[in-house]
Amino acid sequence: MKLRSFFSLFFLCLLLFGCSDQSAEPAPIPEYKKQAVKHNISQTSVSASNVPILNFYLSPQSSNPRTEKVTHVMIHFISNAIQKPQNPYDVKDVYRIFLTTGTSTNYMIGRNGEIYRLVSEDRVAFHAGKGSLPGFPQYQNKMNEYSIGIEMLAIGTRDEMLPVMPGNTYGLIAPANIGYTDVQYRSLNRLLNEILKRHPTIQRDRKHIVGHNEYAPGRKTDPGKLFDWSRINISHRNYTVKSGDTLWKIAQKFGVSIQTIIKYNNLNPNVYLKVGQKLLIPQ
C-alpha cells in the first residue's frame, strides 16, 4: 500500500510540474522535442514597452491553430522546485517540463522580468485544462481556445505546494524564491498592455484577466495567495467598508464573487472586515 501511495504521488507531481525522479529513467521525449530543448533563445524579437520579448518557441505540436476570438488572459505559476528546490528557475529546465507533460503557454515571465514567448498568440496553447469560469458556461473545458496563457516563474505558499511536493523539499527552497518579484509585476503589466492592444475583445477587468485557480478550483492553486492582484493595472472601484457589511453583501452589491474580492485585496477570509477599511472592487 505504501508503494502504491508513493507512485500515485510521483505521477501526480509529473502531471502538475513535469517532475521526474532523478534516479529514474526519464520519460522518452520525441526526437523533434529533443532538438527543441537545445535551441538557443532568440534575442531578435519585438519588445513590450522596452522589455524585450525573447522567442523560445515550443514545437507546433505543442499548440493548435486559433479559430476563436481571444477574450481572456489566464495567469499561472510554474517552477522546477520539485526536482531542483535550490535552483527552481532554470529556464531550460522549465521548458523541458512543457515538453515532458505536453502542456504549453503563450508567455512566461522570469524572475528578473524577462518575457519569453513560447507559443504565438495566433495559436492555442495547452495551459488551462479542464474547468469552468463563472459567467462563461460555454467555455467549460474549452478555455484554451479563448485565452492567452501567461506563466510566472514563481512558487506558492507551503499549503499550496504540499499536495504536490514533500514538506522537506519545500523547506529547501530559499525564501527569496517564494512568491513574485517587483520586476515580474512590471513586466506583466507591460505585457498585458501589448496583448490588450492586439486583442480589444479582452476587457481589462477581473472577469477577463483571471487566475488558473479561478477556472479550476480544487485542482489548481496558481497563481496563488502570494500573487497580488492589486498590482495588476485593471479597472476597479474603491469601496469603504460600512457598518453591517460582509464579504457576501459586498460581493452581491457589485456582482463579483467573494473569492475575487479576497484574492484582489489579499484578505484573510477568517478575519472580520473593519468599518472604514478600504477595498478595491474589480470591475
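**Notebook: a pocket and some salt bridges**

I note here that the model is predicted. The volume of this second largest pocket comes to about 400 Å³, and among the 18 residues that line it, those closest to its centre are Glu160, Lys225, Gln259, Ile262 and Lys263. I then asked which helix gives the most to the lining of the second largest pocket; it is helix H10, residues 258-265, which supplies three residues.

Next I turned to charged pairs. Side chains of opposite charge can pair when their charged atoms come close. My search of the whole structure gave five salt bridges, and I looked into several of them.

In one, Arg198 pairs with Glu121, and the closest N and O atoms are 2.6 Å apart. I recorded Arg198 as partly exposed, at 42% relative accessibility, whereas Glu121, at 11%, counts as buried because the cut-off is under 20%.

In another, Lys84 forms a salt bridge with Asp93, with 3.0 Å between the closest N and O atoms; Lys84 is partly exposed at 32% relative accessibility, and Asp93 is buried at 18%.

My last entry concerns Arg206 and Glu214, a salt bridge whose closest N and O atoms lie 3.1 Å apart. Here Arg206 is buried, at 4% relative accessibility, and Glu214 is buried as well, with a relative accessible area of 16%.

Terms used. Residues are numbered from 1 along each chain as its sequence is written. This is a predicted model: local features need pLDDT of at least 70, side-chain atom pairs count only at pLDDT 80 or more; totals for chains, interfaces and linings use all residues. Side-chain values use heavy atoms; hydrogens and water are left out. On a 1 Å grid over the protein atoms alone, a cavity is a set of points where a 1.4 Å probe fits but cannot get out, and a pocket is an open set with protein on both sides within 12 Å along at least five of seven lines; lining residues have an atom within 4 Å of a point. Grid points are joined across faces, edges and corners, and a volume is the space filled by probe spheres set on the points. Helices (H or I, at least four residues) and strands (E, at least two) are DSSP runs, numbered from the N terminus. A salt bridge is a side-chain nitrogen of Lys or Arg within 4 Å of a carboxyl oxygen of Asp or Glu. Buried means under 20% relative accessible area, exposed over 50%, partly exposed in between (1.4 Å probe, protein chains only).
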